[in-house]
Amino acid sequence: MKSRFLDPIIVDKFLNQNIKPKGLVEGFVTGLHRSPFHGFSVEFAEHRPYSTGDEIKHLDLKVYGKSDRFYVKQYEDETNMRVCFLLDISKSMSYKSNGISKLEYGCYLVALLSYILLKQGDAVGFFAFNNSIRHFIPPKSTLGHLQTILEEFEKIEPEGDTDLSKPLNEIAEKMKRRALIFIISDLIDDEQKVISALRHFRHNKHECTVFHILDEMELNLSFGSMVTFEDLENKERLQVDTRYIADDYKKEINNFIDRYKQSCSESMIEYVQVTTGIPYDQFLTAYLNDIR
């Protein structure tokens, strides 16, 4: 499985990692909580060897006739969790000061998390959005599904204006079954509208984690001289001597972060600040250790 977003050396570090949500979703633990949707218009995923305790009605007799071995049909809804990644691909996500853009960083996070989740038998889906939904990959639980996600990343380019609340609300309406949702975005938009959209997921009983991803320069504005800023979405330009505004800027960006942090906490949404200056594998190691 080759992709620039999935480094085999880094993958090896996460072979024994597991991800479990803080709340309970449908079919949380295979064997303890069988999916209530089992057997009703669900999609066949793969065969697995028969184990003691499996229901005989799910044996595939055709496979037995050919191989003289017992295999059980496994369906998508028999997975431990249903997980969806929502990745902001608006133009503002293309910014980078250190060699990796916010969008690329987000792709690395989704790729590695998807690998971990699929390896433990969970169903993973993917949305890319800006002012509307641009890409969608339905949840599947087979490890081969990761290749589909990785191939989609190669096609994704930062595009369009930001209007986070519109696609987020639309996605919340589309997702009828409870799931674990990861939203990866710089959240640069109308804060009240974004928070309202995030609450839409909680209203529908989804577990929700926000990775608020920002570049180091967006956090500290440490250019130290006269700089011409260009809005990545509307191309407007503004020339500023950052030495005179850096302190006020830092206060405002910290307030911006704190407002999201507080609003998410009040809505029982996990908020995690992500900085592109920290290697993504180091960030994920710290994050996964923290939620154990």
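Biologist: In what order do the 6 strands of the open sheet stand?

Modeller: The order is β5-β4-β3-β6-β7-β10, and the pairing is mixed. The edges of the sheet are β5 (133-140) and β10 (270-275); each has a single partner strand, so one side of each has no neighbour in the sheet. On average, neighbouring strands here are turned by 15 degrees against each other, direction ignored. Such angles run from 0 to 180 degrees between N-to-C directions, and axes are lines fitted to C-alpha atoms, for helices over the stretch in contact.

Biologist: What should I know about the model and the labels before going on?

Modeller: This is a predicted model, in which local features need pLDDT of at least 70 and side-chain atom pairs count only at pLDDT 80 or more, while totals for chains, interfaces and linings use all residues. Residues are numbered from 1 along each chain as its sequence is written, and side-chain values use heavy atoms, with hydrogens and water left out. Helices (H or I, at least four residues) and strands (E, at least two) are DSSP runs, numbered from the N terminus. The chain has 9 helices and 10 strands.

Biologist: How do I read strand pairing?

Modeller: Strands of a sheet pair through backbone hydrogen bonds, either parallel or antiparallel. Two strands are called paired if DSSP finds at least two bridges between them. In this structure, strand β6 (residues 180-185) pairs with strand β7 (residues 207-214) in the parallel sense, over 6 bridges. S185 has H212 in β7 as its bridge partner.

Biologist: Which strands does helix α3 touch when it packs on the sheet?

Modeller: Helix α3 (residues 102-119) touches β3 (82-88), β4 (123-129), β5, β6, β7 and β10, and its direction makes about 170 degrees with that of β3. Helix α5 (residues 165-174) also packs on the sheet, touching β3, β4, β5 and β6; the angle between its direction and that of β5 is about 30 degrees.

Biologist: At what angle do the axes of α3 and α4 cross?

Modeller: They cross at roughly 175 degrees and come within 10 Å, with α4 covering residues 145-155. That makes α3 roughly antiparallel to α4. The scale is this: angles under 35 degrees count as roughly parallel, over 145 as roughly antiparallel, 65 to 115 as roughly perpendicular and the rest as oblique.

Biologist: Which residues of α3 and α4 meet?

Modeller: From α3 there are C107, V110, A111, S114, Y115 and L118, and from α4 there are L146, I149, L150 and F153. Contact means heavy atoms within 4.5 Å. By class, this contact has 9 nonpolar residues, 1 polar and no charged. Ala, Val, Leu, Ile, Met, Phe, Trp, Tyr, Cys and Pro count as nonpolar, Asp, Glu, Lys and Arg as charged, and the others, Gly among them, as polar.

Biologist: Which way do strands β8 and β9 run?

Modeller: Strand β8 (residues 226-230) and strand β9 (residues 237-241) run antiparallel and are joined by 5 bridges. T228 stands opposite Q239 in β9. The hairpin of β8 and β9 has 6 residues between the strands, and K235 takes a positive phi near 70 degrees there.

Biologist: Is H206 buried or exposed?

Modeller: Buried means under 20% relative accessible area, exposed over 50%, partly exposed in between (1.4 Å probe, protein chains only). H206, in the loop between α6 (191-203) and β7, is buried, with a relative accessible area of 0%. A polar atom of the H206 side chain lies 3.0 Å from the backbone nitrogen of A179. For the chain, 50% of the 292 residues count as buried.

Biologist: How do I read a polar contact?

Modeller: A polar contact is a pair of N or O atoms within 3.5 Å; within protein, one must be able to donate a hydrogen and the other to accept it, and residues adjacent in sequence count only if both atoms are side-chain atoms. The side chains of D281 and K13 make one at 3.3 Å. D281 lies in helix α9 (residues 280-290) and counts as buried, at 11% relative accessibility. Leaving aside its neighbours within four places in sequence, D281 is in contact with I10, K13 and F14.

Biologist: What is the value of phi in L187?

Modeller: Phi of L187 is near 60 degrees, which is positive in a residue other than glycine. L187 sits in the loop between β6 and α6 and is buried at 2% relative accessibility.
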